[in-house]
Amino acid sequence: MGKTYIIGEYSEKYLKKLKAEERYGTTGILLGQVTPMKTYIIFAAQTPLKDQAELPPDNPDEMNASDIEWVSEHARQVARMLPGGILVLGVFLIRPAKMSKEAARDIFWKLISAVETAVAKERLWNFSEEQPERIVLQIYADSKKMKLRTYDIHNPLTPTKLLECKSSNLSSAWQLVEATVNVDINIPVTTADNQFDKVLLKGLKMWAKHMMQSSYLINGNYKDPESIIGEGGKKKLPVEVQFLSSSAPASSDETSALIQRCNSSIAVKGTVHCRAYLHGSKTKVKDGVLSLKRDVLNTVFVRCEMVFEDQILNRNADAGDSTRHKAPHRVFASILPSSVAFCDYGFSDEGSKDLEERFKELLDYDLHPGQVERTEKVVLEMGINTGPGQEQALLKEEEEEITDTGFNYTGMAAAAGVGVIAVTASVVYYFIGATI
């Protein structure tokens, strides 16, 4: 018995709507979940146009390198908005009637390869046994057909497979798995040029290996990895996971210490709240824990990356106070009948309008205020590295209320849904806040 591919009712209606509008040549990405027996397509979002006045290309096979890069950049930014368990599965195309099979095969491979490369750059983890294939969904202009093909991203010579895609509303509640994780990472900077972003990435990769090896408790108790993670029943109650630190693995019986001169250091400290969504009533503990660990890695990396991106974009805009940078907080919004929530990251000077605009631009979705999880409780930790040989000091907790967004910030440490990461580099301070 082969694997089953299921497209959710929301995604199916959305794609049919694009076709009815004769949006031939439109490309976009497919989001969903991969399990050993089934792949669920839960969301589809068209690629934003570079210029709102332009139309999709009449001949998608004539897409140039910049067009391919535009599609992959869209996928990269949307991947940041996904919780644990939800992935960028592939791409779709509203295929014009005059597009040849050869041209379609070539453009699909280019799109799939570019999207996978862009998304993989922001992962601190690698796929293990499941190795999900990348899929392409074609909606034909001259018929009601929706054809699904899979591509082996590791071997372009492998023949593509034409698959049947079944429809389902996928509206039943998904299993929600949550965790609050304390993060305390210190990364020495030994290079003379102080390339903090590259040093941080290297340090985060080392931390990621340690995090992936950590043990866990499910609702305060140990459960066998092969057991069912939920408690059963029609109403799936959230599962709380507690991660326990593991000892750093030794590569051999003998270890050696290396002392190097440290020009400065980067510290990532704080608490992050993470979540993952799992479909099906028989999800195993090992799958839920793995999805949640990946969300921990994703959210820490994304916020650190956004700090550096913001610093580069505003390098000359705030020259008078270049030593302090507040990084984005995480806000979830339930946008599907199944209550699966996507997220966004907002800086302190951004309001609800910015959130709504990004959901519209990146997901082609009109976000309503009632869908946003409004209450956020954040403690901002201000860190300072005063120089070589001196310890970092926490200065104060800051209570802040942002009125234009409707989000209430109250100084409360380590509560459920509270997330703060302070990132410090030499005398440059980064504050990263994470919330549900």
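Some ground rules. Residues are numbered from 1 along each chain as its sequence is written, and since the model is predicted, local features need pLDDT of at least 70, side-chain atom pairs count only at pLDDT 80 or more, and totals for chains, interfaces and linings use all residues. Side-chain values use heavy atoms, with hydrogens and water left out.

The chain first. I count 6 helices and 19 strands in it; helices (H or I, at least four residues) and strands (E, at least two) are DSSP runs, numbered from the N terminus. Of the 436 residues, 49% are buried, where buried means under 20% relative accessible area, exposed over 50%, and partly exposed in between, with a 1.4 Å probe and protein chains only. Contact means heavy atoms within 4.5 Å. Among contacts between residues at least 6 apart in sequence, 75% join residues at least 24 apart.

Now the sheet. In what order do its 8 strands stand? The order is β7-β6-β5-β4-β2-β3-β1-β8, in an open sheet with mixed pairing. Two strands pair if DSSP finds at least two bridges between them. At the edges are β7 (161-163) and β8 (165-168); each has a single partner strand, so one side of each is left without a neighbour in the sheet. From one strand to the next the twist averages 35°.

Look at β1, residues 4-8. On one side, 4 bridges join β1 to β3 (residues 38-46), and the two run parallel. Threonine 4 stands opposite lysine 38, and isoleucine 7 has isoleucine 41 as its bridge partner. β1 also runs parallel to β8, again with 4 bridges; there, isoleucine 6 is partnered by lysine 166.

In a regular strand the side chains alternate between the two faces of the sheet. In β1 both faces are covered: Thr4, Ile6 and Gly8 are buried on one side, Tyr5 and Ile7 on the other. That makes 5 of the 5 residues buried, so β1 is largely enclosed by the rest of the structure.

Helix α1 (residues 9-20) lies across β1, β3, β4, β5, β6 and β8, at about 40° to β3. Helix α2 (residues 65-79) lies across β2, β3 and β4, at about 35° to β2. Axes are lines fitted to C-alpha atoms, for helices over the stretch in contact, and angles run from 0 to 180 degrees between N-to-C directions.

Next, β11, residues 239-244. Which of its faces is covered? The covered face holds Val239, Val241 and Phe243, and the uncovered one Glu240, Gln242 and Leu244. β11 pairs with β9 (residues 175-189) in the parallel sense over 2 bridges, with glutamate 178 opposite glutamate 240. With β10 (residues 215-218) the pairing is antiparallel over 4 bridges, and tyrosine 216 has phenylalanine 243 as its bridge partner.
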